[in-house]
Amino acid sequence: MRKIIMTFAIAAALTSCQEDKGYTISGDAPKMEDGKTVYVSEIDENTNRPIRVDSTTIKDGSFKLDLQDPESPNLSFLEFEGTQGNVIFISENEEIKFKIYKDSLRSSEISGGKENKLLQEYLAHLKQVNEKVMQGRSEMQSAFQQKDSTKLTSLQENEKELIDNDKVFKKKMVQENPGSFVSIMVISDMLRMKSYPVNEIQDMFAELSEEVQNTAIGKQISKNLKEANKVAIGSKAPNFTAPTPEGDEIALKDVMGKVTVIDFWAAWCKPCRVENPNLVKTYNKYKDDGLSIIGVSLDRPGQKDRWVKAIKDDGLPWHQVSNLQFWQDPVAQLYGIKAIPAAFVLNEEGTIVARDLRGEDLDKKIGELLNKN
């Protein structure tokens, strides 16, 4: 459930002008040694990576630094020499104050600026959700070991409710803060975690202020939404051609059935290999009714033998293709694949009608489409 914790590898730059109030950071760091360096980093919009922009030193358990006034808010970090981790904040034309906890940097307190206030609210929410989910997962493991199916079901329902409430919280935050830098960060999380269908995220993005949409991250999200729309439910599945294990080229359009599953997997992917028997069972059940499957492997360059062996070992009788380019596989990139296993279900017209289903859920959906349920 670590996916609930946000990954802040994003860049942004609001284009609106703001009143220049000055950009100063200061903080109390009582457990930090005098003379230790405090580094300030910002996300570079060209590389999407943090770069150090300035530094100061600890003196008498505190620090202070006047920085160049930012033209607009940006995602920033404080790092401390000799200490693991960082403190996330947003640079804005305000005096920003920190209370640093050396033994738990992420628990450090930040005050100053409306963006940082909203960011702290968001981070506190994420932390609370994550703690509850992890506690629930621990209790689930215990219930499973004790074969307490009633408690296990209850805990699973509780987790689903937590996730649903998390989605509602994020959507509300975006809707109530359309001009905030934090809102674009939240939308980035939604898109990455697939919290909502692409069309709903698109609608939320459209409600943001023009200034926010025109930030570097806003432009990137706009691009990502366009790409995601190409493989969203209801879209026509992009055609592709790729080599088979025998070296021939086959195209998606040439192997279409009444229902077609595009299965992204790899020999090195344990969850994929665990799922393969379920897919074989479903294929054997519906192949005579018009089910077609094409597997797209993300195996590594030079490891064709492992790919071919996995096909044989798992008894996969359907069409298989791979460019053996790992995550850089052009078909995977065309479909926006960031994790596997991943499956797309197409109807007879080649329209994507479902995605990322597994096991019984996938079997049930295929049965519905073939009028077998």
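How much accessible surface does the chain have, and what share of it belongs to carbon and sulfur atoms? Show the surface and you're looking at about 19800 Å², with 45% belonging to carbon and sulfur atoms. Keep in mind that this is a predicted model.

**Stop 1: the whole chain**

Zoom out. The C-alpha trace spans about 75 × 50 × 40 Å along its principal axes. Colour by secondary structure and you'll find ten helices and 15 strands. Of the 373 residues, 47% are buried. Now colour the charges: there are 50 positive and 58 negative side chains, and the centres of these two sets lie 5 Å apart. As for contacts between residues at least 6 apart in sequence, 66% of them join residues at least 24 apart.

**Stop 2: a five-stranded sheet**

Select strands E11 to E15. They make an open sheet, in the order E13-E12-E11-E14-E15, with mixed pairing. At the edges sit E13 (319–321) and E15 (352–355), each pairing on one side only. Neighbouring strands here are turned by 20° against each other on average, ignoring direction. A bit of background: strands of a sheet pair through backbone hydrogen bonds, either parallel or antiparallel.

**Stop 3: E11 and its partner**

Now pick E11 (residues 259–265) and E12 (residues 291–297). The two run parallel and are joined by seven bridges. Click on threonine 260 and look across to its bridge partner in E12, serine 292. Valine 261 stands opposite isoleucine 293, also in E12.

Which residues point which way? Val259, Val261, Asp263 and Trp265 go one way, while Thr260, Ile262 and Phe264 go the other.

**Stop 4**

Head to proline 341, in the loop between helix H9 (330–334) and strand E14 (342–346).

**Stop 5: two positive phi values**

Select lysine 147, in the loop between helix H1 (114–145) and helix H2 (149–176). Its phi is near 55°, a positive value in a residue other than glycine. Is lysine 147 buried or exposed? It counts as exposed, because its relative accessibility is 76%.

Finish at phenylalanine 326, in the loop between E13 and H9. This residue isn't a glycine either, yet has a positive phi of about 55°. With a relative accessible area of 22%, phenylalanine 326 is partly exposed.

Definitions and conventions: Residues are numbered from 1 along each chain as its sequence is written. This is a predicted model: local features need pLDDT of at least 70, side-chain atom pairs count only at pLDDT 80 or more; totals for chains, interfaces and linings use all residues. Side-chain values use heavy atoms; hydrogens and water are left out. Two strands pair if DSSP finds at least two bridges between them. Helices (H or I, at least four residues) and strands (E, at least two) are DSSP runs, numbered from the N terminus. Axes are lines fitted to C-alpha atoms, for helices over the stretch in contact, and angles run from 0 to 180 degrees between N-to-C directions. Buried means under 20% relative accessible area, exposed over 50%, partly exposed in between (1.4 Å probe, protein chains only). Contact means heavy atoms within 4.5 Å. Accessible areas come from the Shrake-Rupley method with a 1.4 Å probe; for residues, only the protein chains shown count as cover. Lys and Arg count as positive and Asp and Glu as negative; His and the chain ends are not counted. The place of a charge is taken as NZ of Lys, CZ of Arg, CG of Asp or CD of Glu.
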